[in-house]
Amino acid sequence: MEKLKALNKRTAPKSSMPEKVIQFGEGNFLRAFVDWIIWNMDQKTNFNGSVVVVQPIERGMVDWLNGQDCLYHLNLQGRVDGEAVNSLERIDVISRALNPYTQNQAFMALAEQPEIRFVISNTTEAGIAFDDTCKFTDAPASSYPGKLVQLLFHRFQYFDGDPKKGLIIMPCELIFLNGHHLKDCIYKYIELWKEDFGKDYEAFKEWFTKYCYVCATLVDRIVPGFPRKEIGEIQEKIGYKDNLVVQAEAFHLWVIEKAENMTCDELRAEFPADKAGLHVLIAESEKPYHERKVTLLNGPHTVLSPVAFLSGINIVRDACNHEVIGKYIHKVQFDELMQTLNLPMDELEKFANDVLGRFDNPFVDHQVTSIMLNSFPKFCARDLPGVKTYLERKGELPQGLVFGLAAIITYYKGGKREDGTEIVPNDAQEIMDLLKDLWATGDTQKVTDGVLSATNIWEGEDLHDVKGLAELVKKDLDLIQEKGMLEAVKTIL
């Protein structure tokens with residue numbers, strides 16, 4: 001066995017390009033998604049830019065990154081156009097990594113670099129928040145938006161309000177309309193610190209409003225992270241002792257909603273990801289794509305899980321390939337949920353097929369029970385809007401989705417599966433107690449009425465108001481009690 005080499009720029013080639021992107025966050029997701037996208041743009045377009053990483057909180061991984069000269073390997077796994085993919089690529093797009101808590105001068109000096117044009121972040125959902133205890137004189141401000149405003153003000157002053165030195169800001173935090181939230185926080189800090197800005201306050205605020213561009217984005221790629229199980233095998237294959245390998249699924253999608261003070265074409269010209277053949281959509285609005293993801297990815301997950309589990313199937317991939325449950329998933333996805341969205345049908349069809357390809361990932365054993373946590377709130381957010389829209393558009397209820405609701409209700413009965421496996425529902429205690437009491441009656445009518453009228457589950461709504469729903473849920477519950485899950489599914493296909 002050959003000795004593994006240390007991974008750094010002396011042992012592996014590393015490209016050198018102007019720093020164009022400041023990235024707040026050094027975690028697995030950004031390295032497997034955004035940095036991979038920029039690396040592809042550098043290889044396939046004239047983007048010619050590198051990324052300087054800023055650690056958003058006091059403790060993090062920048063020392064690890066710098067220890068490898070910011071080089072690492074990305075292992076992509078999954079299906080692309082039906083073919084299994086298991087690739088390994090060395091990513092060299094990060095120039096350096098900074099800790100603003102110990103290198104604040106170097107952090108603030110980023111504002112003085114003329115080529116810097118983009119700010120990208122993933123500071124977790126809690127990261128985009130306004131904290132009125134932050135002071136302008138803090139080095140740095142504790143919150144991410146606070147640090148960003150410190151940087152922007154320094155840039156504004158250093159370049160004397162030059163309109164060409166504004167920044168394009170693209171947050172990747174998993175919050176719907178993340179850019180809108182970030183922009184609100186920035187304006188709050190500008191108000192909070194107006195005394196510190198003094199005579200520059202108005203001019204800075206105008207410069208930010210006119211010449212900085214805050215975009216909302218939607219990101220989609222599953223990133224399991226460091227491949228603990230396979231790391232020895234991977235290091236053997238690459239020949240390097242890489243402690244920052246990241247594993248991710250092959251699928252990727254980034255929807256970037258252009259800022260209101262720029263056009264889609266202007267953003268595409270500066271960030272040419274589409275020219276690199278990447279699945280990066282620059283759009284007027286991210287809303288329809290957000291709805292598409294929640295409906296066609298999360299929606300089927302929520303109903304396939306109890307149906308599959310109570311049919312004796314434990315893995316999502318096995319559910320997709322099962323002769324009965326596979327047909328059920330297809331019905332819910334294509335015949336029902338897809339009919340409730342407002343994007344072109346060919347786009348929806350491609351996305352729906354991609355989703356099924358992701359469910360069928362040969363490298364990931366995705367347990368259906370891991371999706372079953374808090375199933376009622378999930379059904380309420382992901383599937384109930386589809387039930388109502390389908391009824392409105394077609395004049396009848398979607399059988400597969402309603403059956404999925406009956407399956408969730410049955411799952412919450414608890415007990416054992418036919419093969420003796422324990423059924424362990426997990427939700428808010430009040431929901432668990434309610435279902436336990438309802439099932440104790442042994443009466444499916446009482447169970448149906450109790451669940452549908454539980455306004456605490458359905459965000460204040462009584463689902464008896466959805467025409468025909470109570471009758472269909474009761475019928476499905478009876479069917480499942482009488483025939484068992486697998487035989488019951490067959491009757492609706």
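Six strands build an open sheet here, in the order 6-3-2-7-8-9 with parallel pairing (strands being DSSP E runs of at least two residues and helices H or I runs of at least four, numbered from the N terminus; two strands pair if DSSP finds at least two bridges between them). Strand 6 (94-98) and strand 9 (213-214) sit at the edges with a single partner strand each, so one side of each has no neighbour in the sheet. Keep in mind that this is a predicted model, where local features need pLDDT of at least 70, side-chain atom pairs count only at pLDDT 80 or more, and totals for chains, interfaces and linings use all residues. Residues are numbered from 1 along each chain as its sequence is written, and side-chain values use heavy atoms, with hydrogens and water left out.

**The sheet and its helices**

- Strand 7 (residues 118-121) pairs with strand 8 (residues 168-171) in the parallel sense, over four bridges.
- Within that pairing, Val119 has Ile169 of strand 8 as its bridge partner.
- Helix 6 (residues 178-192) packs on the sheet and touches strand 8 and strand 9, contact meaning heavy atoms within 4.5 Å.
- The direction of helix 6 makes about 120° with that of strand 8 (axes are lines fitted to C-alpha atoms, for helices over the stretch in contact, and angles run from 0 to 180 degrees between N-to-C directions).
- Helix 2 (residues 34-44) lies across strand 2 (19-24), strand 3 (50-54), strand 6 and strand 7, and runs at about 170° to strand 2.

**Pockets**

- The largest pocket has a volume of about 1200 Å³ (a pocket is an open set of points on a 1 Å grid over the protein atoms alone, with protein on both sides within 12 Å along at least five of seven lines, and lining residues have an atom within 4 Å of a point; points are joined across faces, edges and corners, and a volume is the space filled by probe spheres set on them).
- Its lining runs to 44 residues, of which Arg221, Ile222, Val223, Pro224 and His366 lie nearest the centre.
- Among the elements giving two or more residues to that lining are strand 10 (216-220), strand 12 (246-249) and helix 15 (375-382), while helix 11 gives the most, with six residues.
- By class, the lining of the largest pocket splits into 19 nonpolar, 11 polar and 14 charged residues (Ala, Val, Leu, Ile, Met, Phe, Trp, Tyr, Cys and Pro count as nonpolar, Asp, Glu, Lys and Arg as charged, and the others, Gly among them, as polar).
- The second largest pocket comes in at about 570 Å³.
- Of the 25 residues lining the second largest pocket, Arg79, Val80, Ala250, Phe251 and His252 lie nearest its centre.
- Helix 14 supplies the largest share of that lining, six residues.

**The cavity**

- There is one cavity of 30 Å³ or more, a cavity being a set of grid points where a 1.4 Å probe fits but cannot get out.
- The largest cavity holds about 40 Å³ of space.
- Residues lining the largest cavity include Gln77, Gly78, Arg79, Phe251 and Arg358.
- Strand 4 (72-80) gives the most to this lining, with three residues.

**Val355**

- Val355 lies in helix 14 and counts as buried at 1% relative accessibility (buried is under 20% relative accessible area, exposed over 50%, partly exposed in between, with a 1.4 Å probe and protein chains only).
- Apart from neighbours within four places in sequence, Val355 is in contact with Leu296, Leu297 and Gln333.
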